[in-house]
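User: I've got a structure open on my screen and I'd like to talk it through. Can you take my questions one at a time?

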Amino acid sequence: MTTSTGPLGAVRSDRVGAVVLFALAVLYGLDASRISYSFSSDPLGPRVFPLILAGVLALLSLIYFFRPGGSEPWPQGRLLASSIAIPGLVLVATLLLEPLGFALAITLLVTGVGRIFGASWRFALIAGIVQAALWFLLFRYLLEVYLPGGSIFGF
């Protein structure tokens, strides 16, 4: 009997990835098909490129499903927890972006990722503050992009 960490488990994880990619391709294609445009602006319109991307992704995911390559088995233990924690931190930072503001949300995100990768609290927090300041300066002043200041602070 083969467990999920053996070769069969690796093939199964490839197929799970292929199904997820195919579902994303279908959703992306459906969303792209709703793009409205006036025919006089461009004969092809803005929806052609996203539809081509959706088609290519669907085709490649089907190839990947029927001919899975050699992949590593799913992570276990601490590595699995870290693999789940990073997207979780991104989700939390995204949800806190408007109430806390860009700078604090990015500081929390970078500090958390630093801790996951083994940095001490001190260095993770310093890295979070420095990165947040650099990204804020880049987006706000060089690229002139609006960044939320934090609704709980009245900005």
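User: How many salt bridges does the count come to?

Analyst: Keep in mind that this is a predicted model. To count here, a side-chain nitrogen of Lys or Arg has to sit within 4 Å of a carboxyl oxygen of Asp or Glu. By that rule the count comes to one salt bridge.

User: Which residue forms a salt bridge with Arg34?

Analyst: Side chains of opposite charge can pair when their charged atoms come close. For Arg34, the closest N and O atoms of the pair are 3.9 Å apart, and the cut-off is 4 Å. The partner is Asp31.

User: Does Arg34 count as buried or exposed?

Analyst: Exposed means over 50% relative accessible area. Arg34 has 64% relative accessibility, so it counts as exposed.

User: What are the elements of the chain, from the N terminus on?

Analyst: The chain has zero strands, and its helices number five. Read from the N terminus, the order is therefore simply α-α-α-α-α.

User: Which helix supplies the largest share of the nonpolar patch?

Analyst: The patch sits on the surface and has about 1,100 Å² of accessible area together, with Val16, Phe22, Leu62 and Trp74 among its residues. Two helices, α1 (7-33) and α2 (48-66), each supply at least two of its residues. The largest share, eight residues, comes from α1.

User: Does Leu27 count as buried or exposed?

Analyst: Leu27 lies in helix α1 and is one of the residues in the nonpolar patch. The cut-off for exposed is over 50%. At 56% relative accessibility, Leu27 counts as exposed.

User: What is the separation between the C-alpha atoms of Arg15 and Phe66?

Analyst: Arg15 lies in helix α1 and is partly exposed, with a relative accessible area of 33%. Leaving aside neighbours within four places in sequence, Arg15 is in contact with Phe65, Phe66 and Pro68. Arg15 and Phe66 are 51 residues apart along the chain, and their C-alpha atoms are separated by 8.0 Å.

User: Which residues is Leu147 in contact with, leaving aside its neighbours within four places in sequence?

Analyst: Leu147 belongs to the largest nonpolar core. A contact needs heavy atoms within 4.5 Å. With the sequence neighbours set aside, the list is Phe102, Phe136, Phe139 and Arg140.

User: Does Thr107 count as buried or exposed?

Analyst: Thr107 lies in helix α4, residues 102-116. Not counting residues up to four places away in sequence, Thr107 touches Leu125, Gly128, Ile129 and Ala132. Buried means under 20%, and at 12% relative accessibility Thr107 counts as buried.

User: What percentage of the residues in the chain are buried?

Analyst: The chain exposes about 11,000 Å², and carbon and sulfur atoms supply 73% of that area. The chain has 155 residues, and the buried ones make up 21%.

Terms used
Residues are numbered from 1 along each chain as its sequence is written. This is a predicted model: local features need pLDDT of at least 70, side-chain atom pairs count only at pLDDT 80 or more; totals for chains, interfaces and linings use all residues. Side-chain values use heavy atoms; hydrogens and water are left out. Patches are made of residues with over 30% relative accessible area and no salt bridge: like charges are joined within 9 Å, nonpolar side chains (Val, Leu, Ile, Met, Phe, Trp, Tyr) within 5 Å. Accessible areas come from the Shrake-Rupley method with a 1.4 Å probe; for residues, only the protein chains shown count as cover. Helices (H or I, at least four residues) and strands (E, at least two) are DSSP runs, numbered from the N terminus. Buried means under 20% relative accessible area, exposed over 50%, partly exposed in between (1.4 Å probe, protein chains only). A nonpolar core is a set of buried Ala, Val, Leu, Ile, Met, Phe, Trp, Tyr and Cys residues joined through side-chain atoms within 4.5 Å.
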